[in-house]
Amino acid sequence: MYRDFTRPGGAREDGFSVLWGRITSKVARVRANIRTEVIARTERDEWYKSLTPALERIEVPMLVCGSFSDHSLHTRGSFEAFRRAGSKFKRLYTHRDGKWSAYYSKEGTQARIRFFDYTLKGIENGLDLEAPVLLAIHDEGPDPIAVVSSDSWPPDNLAWVSLHLDASGKFYREAGSVQTGHCSFSTRGAPVRFDWVFEEDVDVMGPMALRVYIEIAGADDAVLFAGIRKFRGNRELMFEGSFGFAYDMVTKGWQRIAHRDLDERLSIPEQPVHTHARAEPLLPGEIVPVDIALLPQATRFLKGDRLRLQLRGTWHYPRDPFRGQFPAGYQRSPRANCTVHCGGAYDSRLLLGLRPAGN
C-alpha cells in the first residue's frame with residue numbers, strides 16, 4: 001500500500017489513488033477513508049504494514065504478469081512478488097504493451113492456459129522444463145524486438161556497470177575520470193541531465209539504482225524524480241506507459257530525500273528499498289547521499305544511442321488527458337534549489353545491468 005501505490009518513494013500519489021479510493025469506498029464498502037489516512041500518515045507505520053501481504057508465505061504456483069509499461073501502478077509490486085514469493089513453482093511473463101491488450105492477447109491467453117493445465121489439471125506439457133522467465137526486449141514502442149527465456153530475473157549473465165555522474169552533464173565509466181564539481185536545478189524548473197553514448201549494441205535490463213549526493217537551499221526536504229530516456233540521433237524513442245500513455249521513457253524512479261534509510265533486509269545493490277519509517281530533514285549546507293530505485297525494464301540500445309538521465313523536482317509529464325499522463329500525479333517538491341555533487345568523496349553514480357545485444 002505504501003511503497004507500491006499511495007506513497008512510492010515516500011512521495012504521496014495524488015492521481016489514480018484518489019480515484020481508486022473513492023470508487024473502492026463506494027463499491028467495496030471499505031469503512032476506512034483511505035485518502036484521509038494516506039494524507040495523515042506520511043511515514044510507513046503500522047496501518048500501512050497491516051495492509052501489506054507477507055509475500056514469503058505464498059506457496060501456491062504463480063504466473064506473474066510483469067509489465068514494463070506500468071511504472072506508475074503495477075510494475076514494482078509485480079516484480080517484487082516474483083522476487084520474494086515463497087512459491088516453489090513460479091513463472092514471470094514480461095511485456096511492454098498495454099496491460100489489458102497483453103493479458104487478453106493470443107500469446108497471453110496461451111500462456112495462462114498452459115500454466116493452468118500444468119498446475120491444476122496435472123497435464124505434462126513441458127512447462128516445468130522451460131526457463132521460468134519470458135523476457136520481452138524492446139527497442140521502442142510496445143512491440144518487442146526480441147523475446148527470450150531466462151533462468152532468473154534479472155538475468156544472471158548481466159554485467160553490472162556503474163556510470164559516474166560528472167557535473168558537465170556526462171557519465172564516465174571510471175570514477176577517477178570525474179572532476180569534483182556540482183550542478184544545480186530548481187525543484188519547479190528544468191531538470192539537470194547526464195548523457196552516455198553506447199559504443200556497441202547492448203541490452204540494458206533489470207532495475208537500476210541511482211545514488212546522488214544532494215544539497216538543498218530554500219527547504220529542508222524535496223522529492224527527486226529521476227528518469228531514463230533513450231535517444232537515437234536527435235529523436236527520442238518512446239514506449240508504452242501507465243494509463244495508456246504512449247510517450248513514456250525507458251524507466252523512472254522517485255524518492256523523498258528525508259526518507260533516506262534503507263531496509264537492509266530487502267535491499268540489494270541494484271534495487272534499494274527504503275524503510276520510510278522516519279523523516280530526516282536536511283540541515284542548511286548538509287550534503288547527503290540519496291538512493292533512488294528505478295523500475296524494471298528490458299531495452300536494446302544500439303551503437304551510438306544515447307542514454308539520458310534526467311533529475312528534477314516534479315513529475316516528468318503534464319497531468320492532463322491531452323498533453324500528459326493523466327491521471328498520474330505525485331506530490332510536488334517545495335520551492336527550493338537542489339545541488340548535485342559529483343566526484344571525489346561525492347561519487348554520484350548510476351548502476352545498471354547490461355549484456356551484448358542478442359545474448
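Q: Leaving aside its neighbours within four places in sequence, which residues is Asp-139 in contact with?
A: Leaving aside neighbours within four places in sequence, the contacts of Asp-139 are Ile-145, Lys-230, Arg-232, Leu-237, Phe-239 and Arg-300. Keep in mind that this is a predicted model.

Q: Where does Asp-139 lie?
A: Asp-139 is in the loop that runs between strand S3 (133-137) and strand S4 (146-150).

Q: And is Asp-139 buried or exposed?
A: Asp-139 has a relative accessible area of 14%, and it counts as buried because the cut-off is under 20%.

Q: What separates the C-alpha atoms of Asp-139 and Phe-239?
A: A distance of 8.7 Å separates those C-alpha atoms, although Asp-139 and Phe-239 are 100 residues apart along the chain.

Q: What joins the side chains of Asp-139 and Arg-232?
A: The side chains of Asp-139 and Arg-232 are joined by a polar contact of 2.8 Å.

Q: You mentioned S3 and S4. How many bridges join S3 to S4, and do they run parallel or antiparallel?
A: S3 and S4 are joined by five bridges and run antiparallel. Leu-135, for instance, has Val-148 in S4 as its bridge partner.

Q: What order do the four strands of the open sheet come in?
A: The order is S1-S2-S3-S4, and the pairing in this open sheet is mixed. At the edges are strand S1 (62-67) and S4, each of which pairs on one side only. On average, neighbouring strands of this sheet are turned by 20° against each other, ignoring direction.

Q: Which helix packs on the sheet, touching S1?
A: That is helix H5 (residues 75-84), which touches S1, strand S2 (90-95) and S3. The direction of H5 makes about 145° with that of S1. There is also helix H7 (residues 106-119), which lies across S1 and S2 and runs at about 160° to S1.

Q: What about S1 and S2, are they parallel or antiparallel?
A: S1 and S2 run parallel, with six bridges joining them. In this part of the model, Gly-66 stands opposite Thr-94 in S2.

Q: How many of the residues of S2 are buried?
A: Six of the six residues of S2 are buried. Both faces are covered, with Lys-90, Leu-92 and Thr-94 on one side and Arg-91, Tyr-93 and His-95 on the other.

Q: Switching topic: how much space lies in the largest pocket?
A: The largest pocket holds about 860 Å³ of space. Its lining has 30 residues, and those nearest its centre are Asp-4, Leu-73, His-74, Gly-77 and Ser-78.

Q: Which element gives the most to the lining of the largest pocket?
A: H5 gives the most to that lining, with six residues. Among the elements that each supply at least two residues are helix H1 (2-6), helix H2 (16-27) and helix H6 (99-103).

Q: How many cavities of 30 Å³ or more does a search of the whole structure find?
A: The search finds one cavity of 30 Å³ or more. The largest cavity has a volume of about 40 Å³, and its lining is made of Thr-6, Ser-17, Val-18, Ile-34, Arg-35 and Val-38. Helix H3 (34-40) gives the most to the lining of this cavity, with three residues.

Q: Now the backbone. Which residues does a cis peptide bond join, with omega about -10°?
A: That cis bond joins Trp-153 and Pro-154, and Pro-154 has its place in the loop between S4 and strand S5 (159-166). The peptide bond from Phe-326 to Pro-327 is cis too, with omega near 5°. Pro-327 lies in the loop between strand S14 (306-312) and strand S15 (337-342).

Q: Which residue has a positive phi of about 60° although it is not a glycine?
A: That is Phe-243, found in the loop between strand S11 (235-237) and strand S12 (251-256). Phe-243 is partly exposed, with a relative accessible area of 27%. His-276 also has a positive phi, near 55°.

Q: And is His-276 buried or exposed?
A: His-276 is buried, with a relative accessible area of 3%. Look for His-276 in the loop between S12 and strand S13 (288-301).

How values were computed: Residues numbered from 1 in each chain as written. Predicted model: local features only at pLDDT ≥ 70, side-chain atom pairs only at ≥ 80, totals over all residues. Heavy atoms only, no water. Buried < 20%, exposed > 50% of the residue type's maximum accessible area, 1.4 Å probe, protein only. Contact = heavy atoms within 4.5 Å. Polar contact = N/O pair within 3.5 Å; in protein donor to acceptor, adjacent residues only side chain to side chain. Pairing = 2+ DSSP bridges. Axes fitted to C-alpha atoms, helices over the stretch in contact; angles between N-to-C directions. 1 Å grid on protein atoms, 1.4 Å probe; cavity = no way out; pocket = protein on both sides within 12 Å on 5 of 7 lines; lining within 4 Å. Points joined across faces, edges and corners; volume = space filled by probe spheres on them.
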